[in-house]
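Thanks, everyone. Let me put the structure up and walk you through it.

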Amino acid sequence: MIYWYSSKFAETKTYRSLKRAWIGFRIAYREGDEEKMKYYVDGINKFEKQLGHAVSSFSDILQVVQKESPQKKKANS
C-alpha cells in the first residue's frame with residue numbers, strides 16, 4: 001500500500017531537517033571540524049532549496065576556519 005503525505009507534513013519534515021542541520025553546523029563550527037561543517041552546509045543548502053528559501057552562503061565562514069586550522073594543529077602538537 002502506498003501512502004501519500006500531505007504537502008504540509010513534508011514541509012514540516014523538511015523544516016525539522018533544516019533545523020537539525022543548523023544545530024550540527026554550529027557544533028562542528030565550535031569544534032573547528034571543517035569536514036563536518038562542509039557536510040552540514042550541503043544539507044542546509046539542500047533543505048533551503050527544497051523549501052524555496054534563499055540559499056545561505058558559508059564561503060566567508062569556511063575561509064576563516066581554513067585559515068585557523070593550521071594554527072590549531074600547531075598548538076595541539
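Start just after helix H1, at glycine 32. Its phi is positive, about 75°. Now look just after H2. Glycine 52 also takes a positive phi, about 80°. One caution before I go on: this is a predicted model.

A side-chain oxygen of aspartate 33 comes to within 3.3 Å of the backbone nitrogen of glutamate 35.

Now the overall layout. The protein has three helices and zero strands. Along the sequence, the pattern reads α-α-α.

Take the helices in turn. H1 has 25 residues. From first C-alpha to last, H1 reaches 36 Å, close to the 36 Å expected at 1.5 Å a residue. H2 has 18 residues. H2 reaches 26 Å, again close to its expected 26 Å.

Which residues of H1 are buried? They are Thr14, Leu18, Ala21, Gly24, Phe25 and Ala28. For H2, the buried set is Glu34, Met37, Val41, Gly43, Ile44, Asn45, Phe47, Glu48 and Leu51. Note that the H2 set includes Glu34, Asn45 and Glu48. Across the protein, buried residues make up 25% of the 77 residues.

On to the core. In soluble globular proteins, nonpolar side chains tend to be buried together. Here the largest nonpolar core has 12 residues. They are Leu18, Ala21, Phe25, Ala28, Met37, Val41, Ile44, Phe47, Leu51, Phe58, Leu62 and Val65. Helices H1, H2 and H3 each give two or more residues to this core. Which helix gives the largest share? H2 does, with five residues.

Beyond its neighbours within four places in sequence, alanine 21 is in contact with Tyr40 and Ile44. Now widen the view. Take contacts between residues at least 6 apart in sequence: 57% of them join residues at least 24 apart.

Next, the aromatics. The whole structure holds five aromatic pairs. Tryptophan 22 and phenylalanine 25 have ring centres 6.0 Å apart and planes at 85°, so this pair is edge-to-face. Why are these two about one helical turn apart? Because they sit three residues apart in helix H1.

Are the two partners buried or exposed? Phenylalanine 25 has 5% relative accessibility, so it counts as buried. Tryptophan 22 is at 25%, so it counts as partly exposed.

A second pair joins tyrosine 39 and tyrosine 40. Their rings are also edge-to-face, 5.2 Å centre to centre, with 75° between the planes. Tyrosine 39 is exposed, with a relative accessible area of 61%. Tyrosine 40 is at 24%, so it counts as partly exposed.

Ring pairs link Trp22, Phe25, Tyr29 and Phe58 into a cluster. Phe25 and Phe58 are also members of the largest nonpolar core.

Last, the surface. The accessible surface of the protein comes to about 6400 Å². Carbon and sulfur atoms account for 53% of that surface.

To recap: three helices, zero strands. The largest nonpolar core has 12 residues, and H2 gives five of them. An aromatic cluster links Trp22, Phe25, Tyr29 and Phe58. Over to you.

Notes. Residues numbered from 1 in each chain as written. Predicted model: local features only at pLDDT ≥ 70, side-chain atom pairs only at ≥ 80, totals over all residues. Heavy atoms only, no water. Core = buried A, V, L, I, M, F, W, Y, C linked by side-chain atoms within 4.5 Å. Buried < 20%, exposed > 50% of the residue type's maximum accessible area, 1.4 Å probe, protein only. Helix = DSSP H or I, 4+ residues; strand = E, 2+ residues; numbered from the N terminus. Contact = heavy atoms within 4.5 Å. Expected span 1.5 Å × (residues − 1). Polar contact = N/O pair within 3.5 Å; in protein donor to acceptor, adjacent residues only side chain to side chain. Areas by Shrake-Rupley, 256 points an atom, 1.4 Å probe, with all protein chains shown as cover. Phe/Tyr/Trp six-rings, centres within 6.5 Å; stacked < 30°, edge-to-face > 60°.
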